[in-house]
Amino acid sequence: MNLASFERLRAKNAMPAAFVNQMNVERIITLSFIMFSGFTLLYSYLVFQQFSFIEILATVSLYCSFAFICFKGLGLKVKLSGLTGVDVVCALITVFILVILMTIPLGIHHADYFRTFPLVEAEQGVGTVLRGWYDDTVFHTAIIQSILNSGYPSIGQHGMPLMVYHVISHYFDALILKITAFEPFDSYGFFAVLKRFLLLSALSFLVAKISIRKSPAYLFGIVLFIPLSIDMWLPVISHGLWLPTVIFIITLPYVFGVTFDKSENSLLDFIGLFFVALLISFGKVSFGFLYAAFIGFVLLVKQPKCWLVYVLGIAWIVFFLVYSVNMPIQSSMDHGLSIDNLTLSAVINYFTNSHWAAYGVIFLILPALFCFRKLPRESKYYLFSGAIISVITLVISIATSLGPADKVYFQLAMYTILLSFGFVLISYKAALHTTKSVVKLGGINLLPVFFICVTIFYLSMNKDTLFDRMLSRNAEPFRVMNNSLLQINQSLTSALMNVDNRGWFISSSGGLSQFRERINEALEEQGAVKAESRLFLSKEVYSQLPHDYGDKWAAGMFLYSLTGVPMLNAIKDEPVRGYGIFQYDTEAKRKSKSDFSIVEACDSNDINLIITVESYSPLEVLPYRCDSYRLNRGE
């Protein structure tokens, strides 16, 4: 090799190091957040045409404010001075990946959870699989309505009993709705997009925090860690899981520092860890339980003679026992444990049928292998505790009688914990470093690995051609309405080109809109509030609801989600597993008009007003004040 060739090769090898050396993570993440926020505002304005620009701007700004709290909570600083071309390129790559992830079309089944135009689609009776509305949607919206109007979680059916459930995310929604004055049902799809935005922002902030002085870790996190973390968007699809996931992300550096970095922990550390697990449990108990187990076993291995470790463990056990016993979800009432089910074939099926389980093993082993020589103590903690929660998840998935969804959430919790702690262990503590000429991960040249991983990831995401996939995203938010009888033929590009005609297909004259408006008028006329009022429909009127909605077991929750007025005798006589329905007895079942008594309803409920729907079509609503009945009887 001559001297000129050698110099060209040396210059070529020095380029990656020069690129990395010019990166400033704080400048990159600041610029990325600004651009990603701007995109989210534009996207929301083009898609959610039932809301005005001011309403969308205010709501997006609110979510941006919460995202900025996460930004500052992780100790990041706003920094734009001294921007370089490398910073801009990295910021554009970051935003591109975040946008691609945020706009991933949900599966056909899950698309019905989050309607772009919930009220219009319900009035039209259209959907991807289910017409009009989905049971899970009205269930969660009913809980939010109860928090908004009564201050506690309930599904708003006969008697408004308290429902002990994973509700921390619902309280967050209620707070946003209280500020914005949106209707919970109408804004459900809009808020789901903003939850994606906030979750992706929090993940990118975590990556920036971990890689603040190790720039290669930033690329590693953006390209691999964030896409793997959002997986199939279950942290948003599962309503209760979203806020616990955000809390997990923004407290991860604190928990890692307390459990892995400190050789000994103070009483304050134990109190902090106890409440972190509790907060996450209030959103998803399976996540909180496994997280507590992971943290607990790290502390046990690290400080086996510390009595505070055992006090913390006992406190957590007591909490989870009390919490699970009072959880009124039928699928969680009878757990059962059958060790006979733990066969070799069952274990093989578990790993082959659950990608979370299979990836969990990878995320358990690889970080420990990468870091063992440099960080033997931390690797031992991670490997031992990770193995424990992996075994717990395996046993729960195979040997208990929990419902399929409950088992999935345990698997997802294990996956999330191992992926996140493994990423921090690799990126923050050990293996990412630079030399004079290459970027390395555990001694392996990192840039080719990045390119390979990016290629594999995007090819797996885009089974069709990339062009077709982009076209699909362009029309995806409007797919249901485009396929309906209205045939609105909307897309992101058409919405952008025809801003003046924005929302031309939205109407407030539909039957459900008029129904809700009439209920609100009755409340205003009588000077009553929703929490002290009740809504009654007879069996005969349920049969008049559009699109056979009255035949659905969740029709009562749907009407409550729509109006916010608690229901009387709205439970259909049909066996339903879960959703808190089993806590209602025969007194809550639907009644014929001839069997319903206003006097008895007033006597058995501490309320001021009963609104009866005499007819849905034509709409006829009659309000009855309970105090007038009590006055007539001399009470």
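Which residue forms a salt bridge with Glu 378? I looked this up in a predicted model, where local features need pLDDT of at least 70, side-chain atom pairs count only at pLDDT 80 or more, and totals for chains, interfaces and linings use all residues. Residues are numbered from 1 along each chain as its sequence is written, and side-chain values use heavy atoms, with hydrogens and water left out.

Entry 1. I found that the partner of Glu 378 is Arg 377, with 3.3 Å between the closest N and O atoms. I applied the salt-bridge criterion of a side-chain nitrogen of Lys or Arg within 4 Å of a carboxyl oxygen of Asp or Glu. For accessibility I used a 1.4 Å probe on protein chains only: buried is under 20% relative accessible area, exposed is over 50%, and partly exposed lies in between. Glu 378 is buried at 7%, whereas Arg 377 is partly exposed at 31%.

Entry 2. I recorded a salt bridge between Glu 614 and Lys 593, at 2.8 Å from N to O. This pair links distant parts of the chain, 21 residues apart: Glu 614 lies in strand S6 (residues 609–615), and Lys 593 in the loop between strand S5 (567–568) and helix H26 (598–604). Helices (H or I, at least four residues) and strands (E, at least two) are DSSP runs numbered from the N terminus. Glu 614 is partly exposed at 21%; Lys 593 is exposed at 51%.

Entry 3. I noted Arg 625 in a salt bridge with Asp 627, the closest N and O atoms being 3.3 Å apart. Arg 625 is partly exposed at 26%, and Asp 627 is partly exposed at 35%.

Entry 4. I found Glu 183, Asp 186 and Arg 516 linked in a salt-bridge network. For the structure, I recorded 12 salt bridges.
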